[in-house]
Amino acid sequence: MTIREKILKLKAEKDAVILAHYYVPGDVQEVADFVGDSYYLSKAAAEAKESVIVFCGVYFMGESAKMLNPYKKVIMPDLKADCPMAHMATVEGIEAARRKHEDLAVVCYINSTAEIKAHSDVCVTSSNALSVVSALPQKNIYFIPDQNLGRYISRLVPEKNFLFNDGHCHVHTSIKKHDLLKKKAELPEAKVAAHPECREEILELSDFVGSTSDIIRYVEKTDAEDFLICTETGIFHELGRIGKGKRFHAVSGSQVCPDMKLNTLEKLLHALETLDNELKMDEILMKKGLQPLELMLKLAGSKKNEGV
């Protein structure tokens with residue numbers, strides 16, 4: 001019996017559902033029940049009927065799944081899979097912003113720790129940040145932890161006053177203007193699709209800016225043969241599946257998240273066999289962190305174009 005067959009057998013036996021982010025290895029995506037970006041997976045976790053949730057991603061994603069399902073067992077193939085950006089905002093910074101600015105909403109990108117979520121007003125993902133921020137009544141927005149996504153949204157919502165945090169995704173900020181210009185010179189007919197966690201200089205040179213799910217939809221409907229993809233290369237697995245005959249190119253050699261790649265079939269199999277890698281959280285923290293997640297799902301769900 002292959003590893004894949006063992007995983008599928010154990011999944012049924014353990015009443016488990018497997019969620020996987022687009023950035024994990026392709027063979028892991030192939031055995032998952034749901035594959036998507038952070039927003040899609042948050043909804044899938046909230047609606048899960050199974051008693052065990054296996055989250056193939058990074059730690060903050062597992063935390064979010066646990067807060068949305070406090071009475072279910074949430075396990076991960078590797079509990080050490082983390083996101084450096086998730087730790088780039090502080091409670092002290094949030095409290096200082098609240099003291100300094102009235103009519104303030106602390107808008108927390110889902111790529112953050114449960115502690116930061118617990119001190120925020122609402123969560124957002126790259127898929128729904130625009131619709132959620134637009135729906136907030138507050139004039140002042142403290143956007144944490146990613147400054148690049150925050151600045152991108154601020155340009156789309158000029159009526160709001162944004163404060164930014166000095167956080168970033170090391171994978172997306174590793175994509176530099178000179179790398180993209182070099183690739184564009186090599187492939188002048190290629191379309192450029194970028195994630196809003198990229199630097200502004202990259203977004204300005206892009207034909208399309210959007211979340212991982214948005215990029216996939218853009219590639220699927222766009223009549224072009226070559227695409228320069230400015231996000232983590234794990235997305236290439238899904239792009240190859242939906243974009244037959246199209247070619248996808250990374251801009252630099254650093255578009256790989258080592259933490260996402262800690263999710264392997266072998267680790268997934270072990271997690272299902274033993275259920276050892278369980279993510280456990282303090283109950284009070286779970287309740288506080290759940291509130292901004294629930295508000296996100298409510299506000300985003302009320303918008304028809306949440307993926308814009």
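Modeller: Two strands pair if DSSP finds at least two bridges between them. One of the partner pairs is Cys-108 with Cys-123 in S6.

Colleague: What are the ground rules for the model and its numbering?

Modeller: The model is predicted, so local features need pLDDT of at least 70 and side-chain atom pairs count only at pLDDT 80 or more, while totals for chains, interfaces and linings use all residues. Residues are numbered from 1 along each chain as its sequence is written, and side-chain values use heavy atoms, with hydrogens and water left out.

Colleague: What makes a stretch a strand or a helix?

Modeller: Both are DSSP runs numbered from the N terminus: helices are H or I with at least four residues, strands are E with at least two.

Colleague: What else pairs with S5, and how do you know?

Modeller: Strand S7 (residues 140–144) does, in the parallel sense over five bridges. Within that pairing, Val-106 stands opposite Tyr-142 in S7.

Colleague: Why is S5 called largely enclosed?

Modeller: Six of the six residues of S5 are buried, so the rest of the structure largely encloses this strand. Buried is under 20% relative accessible area, exposed is over 50%, and partly exposed lies in between (1.4 Å probe, protein chains only). Leu-104, Val-106 and Cys-108 point one way from S5, Ala-105, Val-107 and Tyr-109 point the other way, and all are buried. In a regular strand the side chains alternate between the two faces of the sheet.

Colleague: Which strands form the open sheet, and in what order?

Modeller: Four strands form the open sheet, in the order S10-S9-S11-S12 with parallel pairing. Strand S10 (208–209) and strand S12 (247–250) each have a single partner strand, so they are the edges and one side of each has no neighbour in the sheet. Further in, strand S9 (residues 191–194) and strand S11 (residues 226–230) pair in the parallel sense over four bridges. There, Ala-193 has Ile-229 as its bridge partner in S11.

Colleague: What does helix H10 touch, and at what angle to S11 does it run?

Modeller: Helix H10 (residues 177–186) packs on this sheet and touches S9, S11 and S12, with its direction at about 175° to that of S11. Touching here is contact, heavy atoms within 4.5 Å. The angle is taken between N-to-C directions of axes fitted to C-alpha atoms, for helices over the stretch in contact, and runs from 0 to 180 degrees.

Colleague: Why is the contact of Glu-30 with Arg-4 called a salt bridge?

Modeller: The closest N and O atoms of Glu-30 and Arg-4 are 3.7 Å apart, and a salt bridge needs a side-chain nitrogen of Lys or Arg within 4 Å of a carboxyl oxygen of Asp or Glu. Glu-30 lies in helix H2 (residues 26–31) and Arg-4 in helix H1 (residues 3–13), so the bridge ties together parts 26 residues apart in sequence. Glu-30 at 43% relative accessible area is partly exposed, and Arg-4 at 37% is partly exposed too.

Colleague: How do you know that Lys-11 and Asp-33 meet in a salt bridge?

Modeller: Their N to O value is 2.7 Å. Lys-11 sits in helix H1 and Asp-33 in the loop between H2 and strand S2 (34–36), 22 residues apart. Lys-11 is buried at 15%, whereas Asp-33 is partly exposed at 35%.

Colleague: By how much of a helical turn are Glu-238 and Arg-241 separated, and why?

Modeller: By about one turn, because they are three residues apart in helix H13 (residues 236–242). Elsewhere, shared partners join Glu-225, Asp-226 and Arg-247 into one salt-bridge network. The structure holds 13 salt bridges.

Colleague: How many aromatic pairs does the structure hold?

Modeller: Six. The rings of Phe-208 and Tyr-218 have centres 4.6 Å apart and planes at 5°, so this pair is stacked. Ring centres (Phe, Tyr, and the six-membered ring of Trp) must lie within 6.5 Å; planes under 30 degrees apart are stacked, over 60 edge-to-face, the rest tilted. Phe-208 is in strand S10 and Tyr-218 in helix H12 (residues 212–221), ten residues apart. Phe-208 is partly exposed at 22%, and Tyr-218 is buried at 10%.

Colleague: Is the pair of Phe-236 and Phe-248 stacked or tilted, and what makes it so?

Modeller: Tilted, because the planes are at 45°, with the ring centres 6.5 Å apart. Phe-236 lies in helix H13 and Phe-248 in strand S12, so parts twelve residues apart in sequence are tied together. Phe-248, at 16%, is buried. Phe-208, Tyr-218, Phe-227, Phe-236 and Phe-248 form one aromatic cluster.
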